[in-house]
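Please read the following alongside the sequence and the 3D view.

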Amino acid sequence: MQLIDQLRAMLGADAVLTEASDLAGHTEDWRGRYRGEALCVVQPSSTEQVAGVVRAAVAAGVPVLPQGGNTSLCGGAVPEAAGPPPVIVSMARMRRIRSLDAANNSMEVEAGCVLATIQQAAMDAGRLYAVSLGAEGSCQIGGNIATNAGGTGVLRYGNTRDNILGLEVVLPDGDIWNGLYRLRKNNTGLDLKHLFIGAEGTLGIVTAATLKLHPLPTAHAVAWMAPPSPAAALEMLGLLQAACGAQLSAYEMIDAGQLQIVLDHVPGRRAPLPPTHKWHVLVELSDTRGEQELTDAMQAVLQQGAERGLVDDAVLASSGAQRAAMWEVRHSVSEGNKKAGVGLTTDTAVPVSAVPEFIERATAAVHAIVPGLPIILVAHLGDGNVHFIPFYSHAEWEALPDREAMGLRIKHAVNEVGHALGGTFSAEHGIGQTLTSEMAQFKPPVELALMHGIKQLLDPGNLFNPHRLLPPATPPAR
Ligand SMILES: Cc1cc2nc3c(=O)[nH]c(=O)nc-3n(C[C@H](O)[C@H](O)[C@H](O)COP(=O)(O)OP(=O)(O)OC[C@H]3O[C@@H](n4cnc5c(N)ncnc54)[C@H](O)[C@@H]3O)c2cc1C
């Protein structure tokens, strides 16, 4: 095909993949739930090459699908089964750390840099890049930006949006926007980087970013505790915030069912407290000095909580290895769930104060559809973000007559509850190809119309990740 020849001439033959065996890792998501065909996968090495690919694909009327680490949980990074095969633009070869300015607390990186590599480079310079998530060994900063990834550091440092100072983007017409500012202040009109953060590749391809760095915490106190209920966990959050302020850097809750799955399915994981406790919370305090002070503060709050009946049991990590082991349990939930069965993962955020009511009402809503269906839960409780996961074994799931419809019905029931409590159905994972109907249902029509208008302005041919993020139906005119 002419386009493929053109791309080979531009990038070199080894950077344009067309063999089925080479495409396999790019056309299916990591859980094996979404799959589609691609015309080819290209691996550009520079921003100019990305721009060339975009111009050629758009001129040929072929859709463009930017791809990072392909760790999306909503089918965002692979082609849709029914659509025309796109050119997948893999960012894997654009993984240079261009510069690090320690005095300015910033670094400039290419979009294909793996998140863990960025964290390490910042650490080597005595700085922290604060976004952290279970997929950090394979997700890329470009994917994090496109999905506005959250993770476990949001409580203290915000989500990806809060940690970006500037962007470089190849627009759908092939123009390169150099917005790689390194500034904390810049009131010169609209801050356009925010258009592309969270746009899931529908408005262009992020090719580089300037990241915000923080001082590197060198002192830590990590505890694992068992509150009797989510309401008690919430009260403990209040006590910790009052006592420790900004030192509180993570507050993650999982339930006993989720913990048990990790123990059963991920080798080497140990329970810090027995799964006979129904609720478990991992708490981290961190600072640039005063490890003993942090430990004392943690112990004092745990003591206070125990006296008020807010904590049934707790254990404080006494070494770096124990701290890491606790975090490994938390970061293993997705791997465990993938092996254990089929989790209907939802991504609700509600006001933090509404989390206990959300859990109660969502449980009732799911059980009104499937009485007794097991539900597991993992929450970034400090952010009000609950992954509420109705869970089928592989065999039960396979036996369902209409799996897709049932999955949508159950997730929608959960999303309805979140919406009724002033929440959102997508806190951090994005929309991808799975949640566009929820966008149509829950987003105010005026917001949808604005988003469609921006899409039309930047990508009039609707070739960038078509059928993602926005619902297909034209919204009512404003
Ligand atoms: C084990 C595990 C744990 C996870 N935990 C979390 C978590 O705690 N918090 C969280 O937010 N997410 C989490 N995720 C989801 C996922 O890791 C994030 O959404 C991540 O940001 C995706 O990055 P990626 O590089 O893999 O992007 P991909 O999956 O490759 O792509 C995601 C979307 O971004 C677009 N895209 C990718 N690169 C670019 C680019 N350069 N320019 C424009 N668009 C682009 C793609 O087209 C797609 O729409 C987890 C996933 C796994 C597997």
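Arg 468 sits in the segment after α17. In this predicted model, Arg 468 has a relative accessibility of 5% and counts as buried, since the cut-off for that class is under 20% relative accessible area. Between the C-alpha atoms of Arg 468 and Leu 435 there are 8.6 Å, although 33 residues of chain separate the two.

The segment after α17 (445-458) also holds Asn 465. With 4% relative accessibility, Asn 465 counts as buried. The backbone of Asn 465 has a phi near 45 degrees, which is a positive value in a residue other than glycine. A positive phi is found at Asn 105 too, about 50 degrees, and Asn 105 is not a glycine either. Asn 105 belongs to the loop that runs between β5 (97-101) and β6 (106-110).

A further asparagine, Asn 415, is part of helix α15. Its relative accessible area is 4%, so Asn 415 is buried. What does the side chain of Asn 415 make a polar contact with? The partner is the side chain of Glu 438, at 2.7 Å.

Two loop positions on either side of α15 come next. Asp 402 lies in the loop between α14 (394-399) and α15 (403-420). Asp 402 has 45% relative accessibility and is therefore classed as partly exposed, the class between the limits of 20% and 50%. From the C-alpha atom of Asp 402 to that of Val 446 the separation is 34 Å, for two residues that are 44 apart along the chain. Ala 427 is located in the loop between α15 and α16 (436-442). At 31% relative accessibility, Ala 427 is likewise partly exposed. The C-alpha atoms of Ala 427 and His 387 are 9.3 Å from each other, with the residues 40 apart along the chain.

Which residues of α10 are buried? They are Leu 294, Thr 295, Met 298, Val 301, Leu 302 and Gly 305. Viewed down the axis of α10, these buried residues fall within an arc of 135 degrees, and so they line one face of the helix. Gln 292, Glu 293 and Glu 307 are exposed on the other side of α10.

The last stop is the ligand. There are 37 residues around the ligand, and those that come nearest are Pro 66, Gly 68, Gly 69, Thr 71 and Gln 140. By type, the residues of this shell divide into 14 nonpolar, 21 polar and two charged.

For Pro 66, a backbone N or O atom is 2.6 Å from an oxygen atom of the ligand. For Asn 70, a backbone N or O atom is 2.8 Å from an oxygen atom of the ligand. For Thr 147, the atom concerned is a polar side-chain atom, placed 2.9 Å from an oxygen atom of the ligand. How much of the ligand's accessible area does the protein cover? On its own the ligand has 980 Å² of accessible area, and the protein covers 95% of it.

Methods
Residues are numbered from 1 along each chain as its sequence is written. This is a predicted model: local features need pLDDT of at least 70, side-chain atom pairs count only at pLDDT 80 or more; totals for chains, interfaces and linings use all residues. Side-chain values use heavy atoms; hydrogens and water are left out. A residue is near a molecule or strand if one of its heavy atoms lies within 4 Å of it. A polar contact is a pair of N or O atoms within 3.5 Å; within protein, one must be able to donate a hydrogen and the other to accept it, and residues adjacent in sequence count only if both atoms are side-chain atoms. Accessible areas come from the Shrake-Rupley method with a 1.4 Å probe; for residues, only the protein chains shown count as cover. Ala, Val, Leu, Ile, Met, Phe, Trp, Tyr, Cys and Pro count as nonpolar, Asp, Glu, Lys and Arg as charged, and the others, Gly among them, as polar. Buried means under 20% relative accessible area, exposed over 50%, partly exposed in between (1.4 Å probe, protein chains only). Helices (H or I, at least four residues) and strands (E, at least two) are DSSP runs, numbered from the N terminus. The arc is that of the directions from the helix axis to the C-beta atoms.
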